[in-house]
Every structure is written in C-alpha cells, then in structure tokens.
Amino acid sequence: MNDSSTSGELAAGLRELLVRLAPGDRLPSSRELIQQYRVGPATVARAIALLAAEGSVVTRPGSGTYVARRAGTEKGAVDTAWQTVALTDRAVDTHLIAEPRLPPPAGTITMDGGYIHRSLQPTRGLGAALARAARRPDAWDRATANGLPALRAVFARIAGGGVTPDDVLVTAGGQSALSIAFRAIAGPGSPVLVESPSYPGALAAARAAGLRPVPVPLDTDGVRPDLLAEALAMTGARLLYCQPTFHNPTGTVLAPERRRQVLDVARASGAFVIEDDFARHLGHGGPVPRPLVADDGDGTVVHVTSLTKPVAPSLRIGALIARGPVMERMRAVRMVDDFFIARPLQEAALELLSSPSWDRHVRALGADLRQRCAWLTAALSLELPAATVTSAPAGGLHLWLRLPPGVDDTALTAAARQRGVAVSAGSRYFATEPPAAHLRLGFAATAGHAELEEGARRLGAALREVEAGR
Ligand SMILES: Cc1ncc(COP(=O)(O)O)c(C=O)c1O
C-alpha cells in the first residue's frame with residue numbers, strides 16, 4: 001500500500017472520530033495517532049493536512065489540532081439556498097482552469113503547473129526591483145489608464161517592427177489581456193477560431209465572453225493555412241486565437257512560410273488574429289522568431305504578452321499591442337474592468353526589464369529549461385516507452401505526450417495523482433472531441449532532475465495500472 005492511500009485511510013478514520021467530537025475539541029496528538037493507528041509521522045501529517053484543507057480541522061502550531069466549527073452550527077449562519085434559484089444560466093465556467101478543490105498531498109510532484117519553479121525565478125532581482133519601486137514618492141499614485149509610458153516603451157521595443165509605445169496597453173497578465181481582447185473584438189454568439197489543441201484558459205475566456213470556439217487543426221508546423229481559410233469561409237468568423245511561438249500545449253512554432261499565409265488569409269476574410277506570445281522569453285537557447293505583430297502592416301494582429309511566465313506568477317503584468325479602433329475598444333474594456341494596473345507592480349516590472357541582469361536571467365532560464373526538457377524526455381522514453389512525445393520543443397514549459405491506443409487520459413491523470421504525480425489530461429485542451437488521448441507534462445514547475453525522473457517513474461507505474469485494469 002502506498003503512503004497516499006494510507007493517509008487517505010487515516011483521514012477517513014479521523015473523519016469518523018470528528019463526528020463524535022464538538023467544535024473546538026482537541027484531536028489526539030500526532031504521537032498518539034502514530035501509536036493508535038500504527039502509521040508513520042509522515043502519514044499522520046498528510047492525513048491532518050487533508051482534513052485541514054477540507055476545513056474539518058484547524059491546526060495551531062505548538063498547540064495541536066482542533067475540530068473546526070461546522071458550517072450551519074455557527075451563530076448567524078447564512079441560508080443561501082435561494083441563490084440556486086436566482087442564479088440562472090452559468091455564464092462563466094472555470095472547470096478547465098480551476099485548481100483542484102483539495103491541494104495535492106504533500107510529496108506530490110507537480111508536472112501540471114504552468115509557471116516556473118521558485119528556484120528558476122529571479123527572486124533577488126525581483127525583490128530589489130519591488131523595493132526600489134516602493135521607495136518612489138509617487139509609488140502609490142494613480143497610474144495612467146494605458147500603463148506607465150516607460151513600461152509601454154519597453155514592451156514596444158521587445159515586440160519590434162514598427163510597434164510604438166502608443167500601441168501598447170498594460171494589463172494584469174496574459175489571462176486578463178485575453179479576456180479583454182475577446183470581449184472587445186467579438187459579440188456574444190460569434191465564432192472564434194482556435195488552434196486544436198489550444199490553451200484551456202483562452203477557451204474559458206472566449207466562452208465567458210459568449211464566443212463559440214471552433215477548432216482548426218495544428219500540425220508540426222503550426223496552424224494549417226488551408227484549413228484556416230476553409231474554417232473562416234465556413235463559419236464567417238472574424239477572429240482567430242493562436243500561439244505562433246512555442247504553442248501551449250504542443251510546443252509547436254508556426255513555420256516561417258506559414259506566418260505570412262496566416263496573416264493574408266485572415267486579412268482576406270476581414271478577421272483579427274489574437275497572437276498569444278506568452279512564451280517569448282521561454283526559448284531554450286535557440287533563435288526565437290519575431291512576433292507576428294512585428295510584420296503586421298494593417299492592424300490585423302492583436303498581440304498578447306505577459307511577464308508571469310519568465311519571472312513569477314504573481315508579477316501580474318502583461319500587455320496588449322494593437323493598432324486602430326480595436327485598441328480604443330480594448331482600452332475601454334480595461335477602463336471599465338479596473339481603471340488602471342497597480343503602479344508599484346508596473347514600476348517593479350519596469351525596473352526588472354531595464355536592469356542589466358534581465359538578459360542574463362532569460363539566458364540562464366533558457367538553458368535550465370532546455371536541460372529539464374531533455375531530462376524529462378529521456379525519463380519518459382525509459383518509463384513510458386509506448387507513449388510518444390509528439391515533438392521536441394525548442395521553447396516553453398511542457399511536453400505533449402501521446403498515449404498508447406485505448407488509454408483514457410482522465411483515468412491516467414487520476415491514477416497518477418494517487419501515485420503522487422500531478423499531470424494534465426489532454427482532453428482539456430480541445431474545444432471539441434480530442435482526436436487522440438494525450439497528457440501535458442510540465443518540466444519547469446518541479447524542483448529538478450531527481451523529481452522529473454521520479455515523476456516519470458510514478459507516471460509509468462500509473463500507466464501500467466490503468467492498462468492492467470482495462
Ligand atoms: C498560452 C497561455 N497564454 C496565457 C496565459 C496566461 O498567463 P498569465 O495570466 O499568468 O500571464 C497562460 C497561462 O498558463 C498560457 O499558458
């Protein structure tokens with residue numbers, strides 16, 4: 001029996017005990033539980049963590065673990081049953097991007113994350129940048145709605161081509177930028193073409209804006225312009241969402257000859273192209289292609305960028321870049337949403353991007369990502385020889401793994417979690433039926449080599465278990 005199932009059993013036993021105790025009562029000490037249930041201290045710690053995460057107990061360091069107050073037993077408990085009647089259609093569905101209700105048990109290897117591990121973040125530089133930003137006398141003043149001019153200038157320079165600071169709108173990261181763009185460009189009920197597979201957060205944001213995602217297949221060279229033209233003609237869509245550079249989840253890069261074709265096909269149909277350039281700073285050391293917006297001469301491209309991926313998830317600063325009336329629309333949506341982005345965070349981002357250590361950080365991060373990608377690829381070929389890494393990515397944070405025929409990705413994800421490794425089921429990345437079963441495996445959110453190898457080992461065991469149970 002593995003440790004997570006023992007801790008699950010202990011938690012179940014303790015739940016029965018809780019029923020007999022009153023809120024505020026103290027649970028037996030860890031030592032008593034170890035003796036009583038004949039388990040190890042790690043198992044007890046995991047079981048208590050499970051109960052604390054579900055709100056059944058509260059732990060007070062140095063004092064003990066206590067039964068939590070139960071909902072409904074507190075004085076003044078609120079009866080919200082009427083809301084079920086009042087809240088009709090569900091407009092916002094976050095099931096594709098929501099975090100699991102319970103945190104993973106301690107010891108779980110996280111290969112489902114979309115951000116870099118803390119050890120890869122430029123924490124010292126970021127801390128210094130934030131401290132400098134906070135010392136400015138105007139740190140807490142109102143910022144202009146478009147964003148700090150100097151920060152917009154940096155984003156314009158990174159985009160290249162003829163982009164100017166006036167074409168830039170600072171946002172609270174990439175997800176917010178996507179949500180703004182979808183709402184500004186198309187009305188409820190409109191189709192939006194998406195690469196298939198695509199980023200679930202974009203699918204969720206499009207649906208929350210009332211749009212209808214229509215998949216367009218992707219091959220190893222990115223979205224297929226012939227099928228894109230067909231889909232535009234068939235649906236009358238005025239919008240394509242794509243990730244030309246290090247696509248999430250496949251890692252694909254749009255081939256050089258297709259870049260112009262995609263823009264021309266979109267232009268011919270009078271459609272906008274949202275270019276999600278989330279991975280600009282996540283190249284593995286090789287050349288990173290120019291963004292589409294740098295070669296856009298007529299305002300077709302709405303470019304999305306973000307600093308959360310190469311820096312840290314809570315540096316929630318990103319930008320939208322666009323030309324023409326669409327920018328006015330997006331500015332209006334941003335204003336209505338939140339007036340402007342917190343100034344200290346904008347100042348900190350500016351300090352960080354302008355510091356001499358920024359380029360060093362991006363280079364070091366690229367080398368680390370390349371190494372981790374190679375480690376995970378090697379470990380997977382050893383532990384899951386029947387599964388296929390669809391392509392060797394030259395950038396980004398993930399591998400896209402095609403599963404052997406007949407294996408259900410959701411069942412495998414659940415079995416893997418039981419064995420202490422969190423991975424993402426591929427079906428979440430498709431707007432309609434997936435053509436085959438995949439997993440997305442992140443190599444950047446783990447602590448390092450040993451964890452990647454162990455994660456692959458646990459995943460291999462989970463796959464064998466799922467295959468044996470078929
Ligand atoms: C492709 C892609 N775009 C945008 C985002 C949004 O990231 P953030 O809002 O943290 O900038 C993500 C995050 O996972 C992503 O994978």
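This is a predicted model: local features need pLDDT of at least 70, side-chain atom pairs count only at pLDDT 80 or more; totals for chains, interfaces and linings use all residues.
Residues are numbered from 1 along each chain as its sequence is written, and side-chain values use heavy atoms, with hydrogens and water left out.

**View A. Contact of helices α9 and α10.** Helix α9 spans residues 225-235 and helix α10 spans residues 256-268; helices are DSSP runs of H or I with at least four residues, strands are runs of E with at least two, and both are numbered from the N terminus. Their axes come within 10 Å and cross at roughly 10°. Axes are lines fitted to C-alpha atoms, for helices over the stretch in contact, with angles from 0 to 180 degrees between N-to-C directions. This crossing makes α9 roughly parallel to α10, a term applied to angles under 35 degrees. Pro225, Leu228, Ala229 and Leu232 of α9 meet Arg258, Gln261, Val262, Val265 and Ala266 of α10, where contact means heavy atoms within 4.5 Å.

**View B. The two sides of helix α11.** The 14 residues of α11 (325-338) reach 20 Å from first C-alpha to last, close to the 20 Å expected at 1.5 Å a residue; the expected span is 1.5 Å times one less than the number of residues. Val326, Met327, Met330, Arg331, Val333 and Arg334 are buried, that is, under 20% relative accessible area, with exposed meaning over 50% (1.4 Å probe, protein chains only). Seen down the axis of α11, the buried residues fall within an arc of 165° and so line one face of the helix; the arc is that of the directions from the helix axis to the C-beta atoms. The face turned away carries the exposed residues Pro325, Arg329 and Val336. Elements covering the buried residues include β4 (168-171), α7 (173-185) and β10 (301-306). Phe339, which follows α11, has a positive phi near 60°.

**View C. Helix α15 and its cover.** Helix α15 (449-468) has 20 residues and reaches 29 Å, close to the expected 28 Å. Its buried residues include Leu452, Gly455, Leu459, Leu463 and Val466. Among the elements covering the buried residues of α15 are α13 (357-383), α14 (409-418) and β16 (438-442).

**View D. Leu148 in a loop.** Leu148 lies in the loop between α5 (123-135) and α6 (149-159) and is buried, with a relative accessible area of 7%. Leaving aside neighbours within four places in sequence, Leu148 is in contact with Ala143, Arg343, Gln346 and Glu347.

Key: Angles under 35 degrees count as roughly parallel, over 145 as roughly antiparallel, 65 to 115 as roughly perpendicular and the rest as oblique.
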